Amino acid sequence: ALALALPPPAHTNATAQRLPGAIIIGVRKGGTRALLEMLNLHPDVEVAKAEVHYFNLDENYRRGLSWYRAQMPFTLPGQLTVEKTPGYFSAPLVPERMWEMNPAVRLLLIVRDPAERLVSDYTQVLHNRLQRHKPYQSLEELLLLDHDGNGNGRGGGRIDPGYKALQRSLYHVHFQRWLEHFPRQQIHVVDGEALVRDPYPELRKAERFLELPPRIMPSNFYFNATKGFYCLISAGHDKCLDESKGRPHAPLSQRTFHKLCHFLQEPNKRFFNLVGRTFPWC
Ligand code: A3P
């Protein structure tokens, strides 16, 4: 009876699962895991470790906000909850649904050369299929119409605009949809290639956007020559992303890669106009 009369320990009082104040919405293969893990270095940030897929999958969305909240980490008041689901960026209903949850939610979009992104996207699907002993097609078979093995064919070996991974690389199409619901300033665009080259400056910009005090330091990162990427140091522990991040890409002929770059020139320009900056993409 005496124990019942005592107040609960302070931590059970203070920590709770809260809806995210910021969401990494994509792009798939843009460096979303790296960005999430790096933001998590900040003492005022807690992240949902697994991708949540709430707004983009109807079966999850139907479960409602209480389900969504239950996927979040425990936080103290004043801490920022962040989740990442790269599939959000290109899923049509997501911007509107997110706005309905919280019109003030801060959005982070990490982009990368969309031609490289496509090859990385294909490589991921290929690995998944190989793991499950499923048949697969070469990237050229998927990317080119009437492919004959040399990048030529009855369709002239033209790029197939219907290829799903290509559509996910048409950033302007998706970004436009986000702008129909959120003001431009509410979407912070992270340069994925810059994050690979030198994470710290991109993290500093993200902190500023999230109105967090600057706590992530250059000493939180070190270049791991074996992995060929920066890894993280936090509380004396170092951590690299797993081997599915930064792995060799599936082969693609130079000729087809050039075709892809040519195809993406116009879409990229449109994206630059929408975001108000350019990127040195192919
Ligand atoms: P590649 O495997 O094509 O090189 P996502 O987490 O969105 O799936 O993105 C994966 C990509 O993150 C990788 O693509 C890799 O280039 C990039 N990346 C950025 N910073 C990284 C880091 N520090 N370690 C490993 N991969 C990183």
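Reply: A residue is buried if 20 or more other C-beta atoms lie within 10 Å of its own, exposed if 12 or fewer, and partly exposed in between, with C-beta atoms placed from the backbone. A nonpolar core is then a set of buried Ala, Val, Leu, Ile, Met, Phe, Trp, Tyr and Cys residues joined through C-beta atoms within 7 Å. Also, this is a predicted model: local features need pLDDT of at least 70, side-chain atom pairs count only at pLDDT 80 or more, and totals for chains, interfaces and linings use all residues. Residues are numbered from 1 along each chain as its sequence is written.

Me: OK. How many residues are in the largest nonpolar core, and which have the most contacts inside it?

Reply: That core has 41 residues, and Leu-35, Leu-108, Leu-109 and Ile-110 have the most contacts inside it. Another core, of 13 residues, lies apart from it, and its members include Val-119, Leu-144, Leu-166 and Leu-252.

Me: What is Leu-109 in contact with, leaving aside neighbours within four places in sequence?

Reply: Contact here means that the C-beta atoms of two residues, placed from the backbone, lie within 7 Å. With those neighbours left out, Leu-109 touches Ile-25, Gly-26, Val-27, Phe-89, Ile-187, Val-189 and Val-190.

Me: And Leu-35, buried or exposed?

Reply: Leu-35 counts as buried because it has 23 C-beta neighbours inside 10 Å. It sits in helix H3; helices (H or I, at least four residues) and strands (E, at least two) are DSSP runs, numbered from the N terminus. Beyond four places in sequence, Leu-35 is in contact with Ile-24, Leu-108, Ile-110, Val-190 and Leu-195. Ile-24 is 11 residues away along the chain, and its C-alpha atom is 8.3 Å from that of Leu-35.

Me: Zooming out, how many helices and strands does the protein have?

Reply: There are 13 helices and 10 strands. The radius of gyration is 21 Å, close to the 19 Å from the globule rule for 282 residues, so the protein is as compact as a globular protein of that length. That radius is taken over C-alpha atoms, and the rule is 2.2 Å times the number of residues to the power 0.38. The C-alpha atoms fill a box of roughly 85 × 45 × 45 Å along the principal axes. Buried residues make up 32% of the 282.

Me: Which helices do the buried residues of H13 pack against?

Reply: They pack against H7 (114–131), H8 (139–143) and H10 (171–179). The buried residues themselves are Leu-260, Phe-263, Leu-264, Asn-268 and Phe-271.

Me: What about the span of H7, and what follows it?

Reply: Its end C-alpha atoms are 26 Å apart, in agreement with the 26 Å that its 18 residues should span. H7 is followed by His-133, which has a positive phi near 55°. That residue lies in the loop between H7 and H8, and it counts as exposed because it has 6 C-beta neighbours inside 10 Å.

Me: Last topic, the ligand. Which residues are closest to it?

Reply: Thr-32, Arg-33, Ala-34, Ser-120 and Phe-229 are the closest of the 16 residues that surround the ligand. A residue is near if its C-beta atom, placed from the backbone, lies within 6 Å of the molecule. H3 (32–39), H11 (192–197) and strand S9 (229–234) give two or more residues each to that shell. H3 gives the most, with three residues.

Terms used: The expected span of a helix is 1.5 Å times one less than its number of residues.
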